[in-house]
Every structure is written in C-alpha cells, then in structure tokens.
Amino acid sequence: MDVNSFSLAGQVALVTGAAGGIGARVALGLAEFGAAVGVLDVEGSDLQATADSIAAVGGRAHVVAADVTDGDALTAAVAEVESTLGPLQLAVNAAGINNQIPAEDMARADWQRLLDINLSGVFLSCQAEGRAMLARGGGSIVNIGSVSAHIANRGLDQVHYNASKAGVLQLTKSLALEWATEGVRVNSVSPGYTATPMALSPQVWPLVEGLQKDIPMQRLAQTEELVGPIVFLLSGAASYVTGVDLLVDGGAVAW
Ligand SMILES: NC(=O)c1ccc[n+]([C@@H]2O[C@H](COP(=O)([O-])OP(=O)(O)OC[C@H]3O[C@@H](n4cnc5c(N)ncnc54)[C@H](O)[C@@H]3O)[C@@H](O)[C@H]2O)c1
C-alpha cells in the first residue's frame, strides 16, 4: 500500500465550526496533511486565529463567515472557497452548540435552535458541499457526531443535543448510500468528551469533570486526537469506507 494515500496534499477542504475547539484543530490538522482549507464559522468568530495557525505551518487557508442554518450562505461559501483555493474535495462539518435544559422546562425555541444548527446545519452543509463534489465526480465528507448519539449522557439534561447527534449519524448513513456510486463518501466521527470551550464551559464542566472516571482511559480527549481519525476517513486510505461512524472516545461507549 502506498503510504502517501494518507496524504491530503493538493486537495481543497472546507471545515465548518473552524473557529471552535475541534474545528480549529482539525482545520490545522488537514493543512498539516497537505490540504488547502476553507475555514467557516459565524460572523464575528475568531477565524483569523485558525487561518494564522495554518499559515504558521506553511499552509493555505481562506476565511469565510457563514451561518450553517443558511443554505444559500453555505452555497456561496463553497463557491468562494472554490474560486480562491480550487475545487472542493474534502469537508468536515464540526459546527455545533450544546446547552443543558431539563426536558420539562425546554422551550420549543430552545429545542428548535439546537436542532437547526446541529442537525439541519449538518444537512445543509453536506448538501452545499455534496453538490460541488458531485459536479466534479468525487469527494469525502466527515460529519462530527458524538458519543451522545450512542448513549444518553449521565447527569446531562440535553435531550435536544442527544437527539440531534443521533440524527447526524443516520443522516450520514443516508447520504453515504445516496452518493455511494457517485464518488462521494460520507462518514462521521463521534468524539467523547473533548477538552474544548464546549466541554469546559462553566455549565458543562462541573458535570463532566466527575464523569472522567466513567471513561476507560480516565481522561478527556485532546482536540489533536481527532485529527488522525478524521484524516484517515477523508483520505484515499479509506477509499472503501462510507456510511460508518468512528467513535473516538477513550473506550467510553465500550464500557
Ligand atoms: N467538546 C466535546 O466534548 C464534544 C464531544 C462530542 C462532540 N462534539 C461536537 O464537536 C463539534 C465541535 O464542538 P467543540 O467542542 O469544538 O465546540 P466549540 O463550541 O468549541 O466550537 C463549535 C464552533 O461551532 C460554531 N458554530 C456554532 N453555531 C454555528 C452556526 N450556526 N454556524 C456556523 N458555526 C457555528 C461556533 O461559533 C464554534 O466556533 C460540535 O458538533 C460538537 O457537538 C464535541
């Protein structure tokens, strides 16, 4: 096997949620493996820091502000990345939010906002990216799921989040099958608790800190530990892999 099949050299990627913990580190990781990277996040987020980290390793980045709930904005973002960096072949959809609200107190608007970003946002991102990839005969997409797609997190009141992530896995499988003969692979990576602003937020951290004993590896993931699994799924090394969810959770779901 050609060891270079793990390389992303010469390819163009788009990463959503690229100003945040996992998205920012993965965008840098794709650049470290040779890709030019369009980095997308909401207006006002610190995308320049991600672009600067990519430039610091000699990579190319293009910053684009868009909301993943806006399909037209995503289509325009893909077109902008393609006109700047070249035809899109790779995408990682990492934009997402989380919050804790007991189900009986959850307003319809709280439910809807989270589902709009975490589930509809992933669909609209895949749609915009997939349209570009299908037009060029191929590509590879990784959606960020969660252990919360597999288990309901002990002590965390987040029925909307858990439902959204289960939806991401089924959405991923469905798109993988629709596009299997058209050269576009679609997979997901499901992180366990990862040391990012989301998990370390004052609302979540006091709950998550004590849960580390429930993880066989007894610690959170570092964002860098998501890079290898995602690069594998994006790369030619995974040319026969589509529709799978790869858990990166320190063994949490195995226990
Ligand atoms: N941190 C964890 O423990 C953990 C575990 C499992 C899965 N995840 C998932 O990983 C992904 C990244 O999470 P993170 O921990 O890096 O969180 P984070 O809060 O650090 O980053 C999320 C990023 O998404 C962006 N975003 C939010 N809404 C958006 C929108 N409407 N349009 C565009 N961008 C938007 C935010 O601005 C932020 O930069 C999320 O999908 C999350 O659900 C995180």
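This is a predicted model: local features need pLDDT of at least 70, side-chain atom pairs count only at pLDDT 80 or more; totals for chains, interfaces and linings use all residues.
Reader: What makes β4 and β5 count as paired strands, and how many bridges join them?

Author: Two strands pair if DSSP finds at least two bridges between them, and 4 bridges join β4 (residues 90–93) to β5 (residues 139–144), so they qualify. Residues are numbered from 1 along each chain as its sequence is written.

Reader: What is the order of the strands in the open sheet?

Author: The 7 strands follow the order β3-β2-β1-β4-β5-β6-β7, with parallel pairing. β3 (61–65) and β7 (245–248) stand at the edges: each has a single partner strand, so one side of each lacks a neighbour in the sheet. From one strand to the next, the twist averages 20°.

Reader: Why is β6 called largely enclosed?

Author: In β6, 8 of the 8 residues are buried, so the strand is largely enclosed by the rest of the structure. Both faces are covered, with Val184, Val186, Ser188 and Ser190 on one side and Arg185, Asn187, Val189 and Pro191 on the other. β6 also pairs with β5 in the parallel sense, over 6 bridges, and Ile144 stands opposite Val189.

Reader: Which residues have the most contacts inside the largest nonpolar core?

Author: They are Val15, Ala27, Leu30 and Val37, in a core of 70 residues. A nonpolar core is a set of buried Ala, Val, Leu, Ile, Met, Phe, Trp, Tyr and Cys residues joined through C-beta atoms within 7 Å. α4 gives the most to this core, with 9 residues.

Reader: How do you know which residues Val37 is in contact with?

Author: Contact requires C-beta atoms, placed from the backbone, to lie within 7 Å. Leaving aside neighbours within four places in sequence, Val37 is in contact with Ala13, Val15, Ala27, Leu30, Ala31, Ile54, Gly59 and Ala61, so each of these pairs meets that cut-off.

How values were computed. Helices (H or I, at least four residues) and strands (E, at least two) are DSSP runs, numbered from the N terminus. Axes are lines fitted to C-alpha atoms, for helices over the stretch in contact, and angles run from 0 to 180 degrees between N-to-C directions. A residue is buried if 20 or more other C-beta atoms lie within 10 Å of its own, exposed if 12 or fewer, and partly exposed in between; C-beta atoms are placed from the backbone. Two residues are in contact if their C-beta atoms, placed from the backbone, lie within 7 Å.
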